[in-house]
Amino acid sequence: MAEEVSLLTSPSESSTSLLSEISNASTRAFVLAFTVGSCGAFAFGCIIGYSAPTQSSIMKDLNLSIADYSLFGSILTVGLILGALICGKLTDLVGRVYTIWITNILFVIGWFAIAFAKAIWLLDLGRLLQGISIGISAYLGPVYITEIAPRKLRGAACSMSQLFTGVGISVVYALGTVVAWRNLAILGSIPSLMILPLLFFIPESPRWLAKVGREKEVEEILLRLRGANADVSDEAGEILAYTEHVKQQGDSDRGFLKLFQRKYAFSLTIGVVLIALPQLGGLSGYSFYTESIFISTGVSSDVGFISTSIVQMLAGVLGTVLVDVSGRRSLLLVSQAGMFLGCLATAISFFLKENHCWETGTPILALISVTLYFGSYGLGMGSIPSIIASEIYPVDVKGAAGTMCGLVSSISSWLVAYSFSFLFQWSTTGTFLMFTTVTGIGFVFIAKLVPETKGKSLEEIQSLFSF
């Protein structure tokens, strides 16, 4: 019956409900917390996108070889692995807000190390520190937003925050065509510098407070987030009751190994696969070596960067609007299908280029394929896997799950980022056919196994996934 009511709800009614939720949630505490999350995602995007438009200038100024630059591009993911190893324990130990402090300080140090690098070791050190920070914040950001947002606004808030990752990538792509790489690094530090003073005013996650036994502060924080006149007794009661239930279910398995109990097998599989899919589907290769792809197919890199930036931002905005209306699962399917077609079209464009067929149309096809890939990624796969991964794990294994998801994402990203240059030299067509295969398998996985989480509280979702 509930499904029938959902089906009869018109898009205009859903949009009106969403706008009403946004109005109700616009308290100072929530807006500041959302701003911090968005700026953090923007800083994340600036770092991810930095190596693509600066490749040729950095190699020329510092006299780097392909192997040297491959190390610079891939050492970010080495840092991601290190950050992922400590993110779960760190966020559980010191809380969400103090961890955000740590990540933004590392962001700033990393940017200045790159900006003033005179030798390859300082360039790599800056990139490594940024990777560690991203490894921590890639999971922390969505978790923090989902834990403080109202249930009907959770998907849109998290998706909007993560949209700024794409905005950061797009801005760096655009600025990289006109700004020197050292100046671009200095500009990249601005979002993190803006975040630091705001951290004095944002609230801690009420679910983390409940987990560490600070129950009296839960309702106080919820009132700050929802408004002084809001009735938060039911929400506070649900958080405290579920946290207590999880504690009572605790057994002899502690720490990281607890995540591998049979009752968490389904949620672990869903979270890990969704997080890994974009990376194994070529995201790091497309992001870090966009300039190489465009040059190899005869596309103007400036035109390519600007086109992909605009499309990715527009697709991200559309995805944010739709995520709490159409749901997570349908957007994932459309997004993954678009990435599949983008990879396939890229492979075809390289095949035509290598065989000297349709030479006048090949650059156009290549530009369309890369634009389609990034646009499709921005629509759903850029934000929704992190949303789902932050929704499905109970509070007692959320830290361990964050470490696992971060490790899987980082390792898969490193494998693609480091091997891409060599695969590209081996066979351009074969490289993108490999990515096409992975994205195709991912579409089937989502269609068969990923459930819908729209409109449910975190406690309801976690009860559904743990059996």
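**A tour of the salt bridges**

Select Glu 391: at 0% relative accessibility, this residue counts as buried. Buried means under 20% relative accessible area, exposed means over 50%, and partly exposed lies in between, computed with a 1.4 Å probe on protein chains only.

Before moving on, note that this is a predicted model, in which local features need pLDDT of at least 70 and side-chain atom pairs count only at pLDDT 80 or more, while totals for chains, interfaces and linings use all residues. Residues are numbered from 1 along each chain as its sequence is written, and side-chain values use heavy atoms, with hydrogens and water left out.

A salt bridge is a side-chain nitrogen of Lys or Arg within 4 Å of a carboxyl oxygen of Asp or Glu. Side chains of opposite charge can pair when their charged atoms come close. Arg 328 is buried too, with a relative accessible area of 0%.

Arg 328 lies in helix 17 (residues 328-354) and Glu 391 in helix 19 (residues 384-391), so the pair ties together parts 63 residues apart in sequence. Helices (H or I, at least four residues) are DSSP runs, numbered from the N terminus.

**Stop two: a network**

How many salt bridges does a search of the whole structure find? The search finds seven. Select Asp 92, Arg 96, Glu 147 and Lys 398: salt bridges that share partners join them into one network. Zoom in on Arg 96 and Asp 92. Their side chains meet in a salt bridge of 3.5 Å, N to O. Arg 96 is buried at 2% relative accessible area. Asp 92 is buried at 18%.

**Stop three: two helices**

Show helix 6 (residues 120-148) and helix 20 (residues 398-426). They pack at an angle of about 140 degrees, with axes 10 Å apart. Axes are lines fitted to C-alpha atoms, for helices over the stretch in contact, and angles run from 0 to 180 degrees between N-to-C directions.

Which residues meet here? Tyr 139, Val 143 and Glu 147 in helix 6 meet Lys 398, Ala 401 and Gly 402 in helix 20. Contact means heavy atoms within 4.5 Å.

**Last stop: Arg 214**

Select Arg 214 and Glu 217. They form a salt bridge, the closest N and O atoms being 2.8 Å apart. Arg 214 is partly exposed at 35% relative accessible area. Glu 217 is partly exposed at 28%.
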